[in-house]
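I opened the notebook today to look up a few packing and pairing details, one entry per topic.

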Amino acid sequence: MRKVRILWTDDEIDLLRAHIIFLQEKGYDVATATNGTDAIQMVKTNHYDIIFLDENMPGLSGLETLTELKSLAPNVPVVMITKSEEENIMDEAIGSKMSDYLIKPVNPKQILLSIKKNVDQKRLVTQQTTSAYQSQFAQIGMRLNDRLSFNDWKDIYRKLVFWEIELGDSEDSAMDEILVMQKNEANNAFSRYIKDNYLSWFGKDIGDRPLMSPDIFKHKVFPILSSGKKVFMLIIDNLRYDQWRILSSVINQYYNSVEEELYYSILPTATMYARNAMFAGLMPSEIQKLYPDLWEHDDNEGNKNRHEEELLAKQMARYARKEKFSYEKVNNLKAGHKVVENIRNTLKNDLSVLVFNFVDMISHARTEMELIKELANDEKAYRSLTLSWFNNSPLLELIRALAENNIHLVVTTDHGTIKVNNPVKVIGDRETNTNLRYKLGRNLNYQAKQVFDVTNPGKAYLPIRNVSSTYIFAQNDDFFVYPNDYNYYANYYKNTFQHGGISMEEMIIPVVTMAPKN
């Protein structure tokens with residue numbers, strides 16, 4: 001393995017000979033310079049992994065040298081060493097993007113720690129993360145063979161997401177592959193669990209069944225309103241739990257998480273079902289029965305979620321809620337900026353609900369645009385693209401303003417998404433819907449073992465158009481393809497992010513209650 005190369009610049013370098021010998025004995029290659037000018041020339045002609053730089057030298061000062069070094073090698077960590085503890089010198093050094101700061105006299109162990117922190121950190125973190133996951137791998141694998149509850153599945157998914165993010169920051173691609181295999185194994189077991197238990201949840205109280213889409217306002221929003229606090233509810237369409245974990249590190253600059261819970265999206269894990277159920281506080285078949293003019297069927301063209309505000313008003317009326325509320329939906333950047341500009345109007349409401357569709361747009365764009373597919377070629381890149389959007393979106397500015405005005409925040413989503421890989425053949429008539437993860441039709445032809453089929457939609461509280469309607473749901477990373485032009489569509493949709501079916505990523509999703517830090 002290549003030796004780590006160190007450049008140590010100090011006008012009293014001869015007094016540091018013992019330190020240099022110590023580092024050489026540890027296997028490091030150490031070059032020295034006695035002034036800033038020589039150090040700059042050496043960096044012009046050589047590559048160094050880390051530079052130690054004395055702050056107080058004749059000629060070019062340490063800070064002046066630091067500025068030149070950063071222009072020549074911006075990614076090489078520079079550690080400033082000084083006798084001074086004056087705050088202004090520290091501020092200047094930090095502002096010049098130095099990587100560490102040591103006060104003389106330094107001892108060899110301090111130097112060694114700084115090297116490990118700035119040069120070896122990635123390797124050491126990878127080693128530790130790999131070792132930790134290896135010990136957890138067996139434990140998770142054993143649990144998958146147990147008789148698990150819906151709470152157990154939330155716990156397993158939390159652990160898998162934790163390790164997915166941890167390993168995503170490491171350099172061990174072999175462990176990434178092992179984690180993918182374990183997630184697939186877990187999703188297969190989760191699909192079996194849902195097939196065996198989903199229909200039995202209906203008619204039970206929370207505790208005997210999980211929190212689900214129709215429960216969110218009643219159990220997560222209304223109690224905050226009853227305590228006299230104003231609430232802003234942010235629904236980010238298509239947001240998975242792993243994406244939330246990435247975004248939460250930014251939001252936590254302004255908000256503290258009071259409660260972070262995972263809940264279960266209803267089936268189908270599709271916007272028209274899950275989000276309508278959330279706004280109505282009812283299952284889809286109940287919406288169809290009570291408010292037939294507010295339910296759009298799958299085969300209807302146009303926006304099937306255009307009645308969300310009306311459904312929320314109906315739910316609030318049923319629970320005798322008198323609070324003033326507003327509803328907005330953001331589908332583009334211009335609309336997002338408009339919400340921020342109108343923040344004063346938002347503050348007048350007891351409850352403000354905002355549906356933000358950008359993550360869903362990324363998912364669809366990745367399917368249709370090669371450029372986005374390249375930018376989000378895997379799960380880690382998909383999370384990174386989501387974070388990049390969020391950091392540069394008006395949504396972050398809005399969250400900052402809400403915190404400044406002491407507004408409580410509830411962040412959630414309607415469903416997640418999964419990257420599909422395995423095409424499954426299904427045959428349906430012209431009235432069959434086009435979703436790749438679930439199908440609704442009268443004459444569906446499929447292999448029963450490959451799907452979760454609901455031949456009596458009423459048991460799943462799903463609406464029907466006629467007595468012979470059947471719903472089928474794809475499992476794990478499967479997606480439905482018709483036999484006609486099978487190869488074309490199988491290749492076109494493979495490795496795209498889809499929703500509507502059964503997987504932990506689609507069904508187990510976050511609902512987070514947050515209080516402003518001020």
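**Entry 1: a helix pair.** I looked up how helix α10 (residues 241-251) sits against helix α18 (residues 379-391), and in this predicted model the two pack at an angle of about 35°, with their axes 9 Å apart. I noted the crossing of α10 past α18 as right-handed. Next I listed who makes the contact: α10 brings Asp242, Gln243, Ile246, Leu247, Val250 and Ile251, while α18 brings Tyr382, Arg383, Thr386, Leu387, Phe390 and Asn391. Sorted by class, the contact of α10 with α18 has 7 nonpolar, 3 polar and 2 charged residues.

**Entry 2: a three-stranded sheet.** In what order do the 3 strands of the open sheet come? I read β13-β15-β14, with antiparallel pairing. β13 (438-441) and β14 (452-454) are the edge strands; each has a single partner strand, so one side of each has no neighbour in the sheet. From one strand to the next, the twist averages 15°. I then checked β13 against strand β15 (residues 470-473) and found 4 bridges joining the antiparallel pair.

**Entry 3: strand β1 and its partners.** Is strand β1 (residues 5-9) largely enclosed or left open? I found 4 of its 5 residues buried, so the rest of the structure largely encloses β1. On to pairing: β1 runs parallel to strand β2 (residues 29-33), with 5 bridges between them, and Thr9 is bridged to Ala33 in β2. With helix α1 (residues 17-25), β1 and β2 make a right-handed β-α-β unit. β1 also pairs with strand β3 (residues 50-54), again in the parallel sense, through 4 bridges. There, Trp8 has Phe52 of β3 as its bridge partner.

**Entry 4: Phe356.** Is Phe356 buried or exposed? Its relative accessibility is 6%; buried means under 20%, so Phe356 counts as buried. Which residues does Phe356 touch, leaving aside neighbours within four places in sequence? I wrote down Leu234, Ile235, Ile236, Asp237, Val330, Trp389 and Leu395. I also looked up Phe356 against Thr417: they are 61 residues apart in sequence, and their C-alpha atoms are 16 Å apart in space.

How values were computed: Residues numbered from 1 in each chain as written. Predicted model: local features only at pLDDT ≥ 70, side-chain atom pairs only at ≥ 80, totals over all residues. Heavy atoms only, no water. Axes fitted to C-alpha atoms, helices over the stretch in contact; angles between N-to-C directions. Left-handed = near helix turned anticlockwise from the far one by under 90°. Contact = heavy atoms within 4.5 Å. Nonpolar A, V, L, I, M, F, W, Y, C, P; charged D, E, K, R; others polar. Pairing = 2+ DSSP bridges. Buried < 20%, exposed > 50% of the residue type's maximum accessible area, 1.4 Å probe, protein only. Right-handed = clockwise from strand over helix to strand, strands pointing away.
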